[in-house]
Amino acid sequence: MTTTSESTPGTTSRRTVFLLAHTGRPAAIRSAELVVQGLLRSGIGVRVLAAEAADLPLPDSVETVVEATPEVLDGCELLIVLGGDGTLLRGAEFSRASGVPMLGVNLGRVGFLAEAERDDLDKVVDRVVSRAYEVEERMTIDVVVRTNGDVVHRDWALNEAAVQKVSPERMLEVVLEIDGRPATGFGCDGIVCATPTGSTAYAFSAGGPVVWPEVEALLMVPISAHALFAKPLVTSPTSVLAVEVQPHTPHGVLWCDGRRTVELPHAARVEVRRGAVPVRLARLHHASFTDRLVAKFALPVAGWRGAPH
């Protein structure tokens, strides 16, 4: 779902934007300085985490907050994130919990979650100031870990939840289930359960399909499976996926978005379903996903003639 950001007539309260940056990157420090200066010149307040403010050359008018909780975005209209994929996924955690849209500026390599590149900072500031952006909701997944029928862990992910082996010398024996029915079982290095957004992340590296973001679906992609039938599966967005780790196999580990991890108990069952809360992404333009795919992966399109007129 996409909505347009518009001014509310008669609104006089000062606008505020939260800035999150990977301050370990010199490029992020310079980029943050330029964004802050541009927003302040236009009368828009800026709020940052105190831990990051210490590494940034910021004027005194920038508001700092100590606690890194979703509440720090209260009153903010937008979350601007400067960094690579890891920083953008960190920003997604804030965005999902607060409901504030995230606008990502890629300072890393691929950055599919980002809406702009480092050279676009002036345009980013201009579009934020004029509220010339739209908000798009991206599907997430909710994850439940059970043992002996009891829930022992809950999590979520924007990209993927990956069940992986711990011991390099031993495979993880699993049975895959879809909508309450067993689908197949095999030994493998792991299983990736992903969203369409995550189809260009870990699932892509594991050999999964690229799924356009507007397609609502769930993906299940095996990692190095020892089986004749171990193909990526694409299911309905209302499906419930489950990965059961067999009792005779070593225990595994669950990774959500490559950021949050938990050791799985013996004979764990991991259930994945469509998330109840989406992540809201701010969009600056209407470029097609095909163009984004070509640009991010530098795909060869020379010789394309287009449809006849």
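Me: How do you know that the span of helix α1 (residues 26-41) agrees with its 16 residues?

Reply: In this predicted model, 16 residues at 1.5 Å a residue should span 22 Å, and the end C-alpha atoms of α1 are 23 Å apart, which agrees. After the helix comes Gly43, with a positive phi near 80 degrees.

Me: Which residues of α1 are called buried, and what do they pack against?

Reply: Buried means under 20% relative accessible area. In α1 that holds for Ala28, Ser31, Ala32, Glu33, Val35, Val36, Gly38 and Leu39. The buried residues of α1 pack against β2 (16-21), β3 (45-49), β5 (78-83) and α4 (121-129).

Me: What does α1 give to the largest nonpolar core?

Reply: The core has 29 residues, of which Leu19, Leu39, Leu78, Ile80, Leu82 and Val128 touch the most other members. Two or more residues each come from β2, α1, β3, β5, β6 (102-106) and α4. The share of α1 is five residues, the largest. Apart from this core lies another, of 26 residues, including Ala161, Leu172, Phe186 and Cys188.

Me: Why is strand β11 (residues 160-165) called largely enclosed?

Reply: Five of its six residues are buried, so the rest of the structure largely encloses β11.

Me: What makes β14 (residues 190-194) and β18 (residues 252-256) partners of β11?

Reply: Pairing needs at least two bridges between two strands. Five bridges join β11 to β14, antiparallel, and five join β11 to β18, also antiparallel. Both pairings therefore meet the cut-off of at least two bridges. Ala161 has Cys193 as its bridge partner in β14 and stands opposite Cys256 in β18.

How values were computed
Residues numbered from 1 in each chain as written. Predicted model: local features only at pLDDT ≥ 70, side-chain atom pairs only at ≥ 80, totals over all residues. Heavy atoms only, no water. Helix = DSSP H or I, 4+ residues; strand = E, 2+ residues; numbered from the N terminus. Expected span 1.5 Å × (residues − 1). Buried < 20%, exposed > 50% of the residue type's maximum accessible area, 1.4 Å probe, protein only. Contact = heavy atoms within 4.5 Å. Core = buried A, V, L, I, M, F, W, Y, C linked by side-chain atoms within 4.5 Å.
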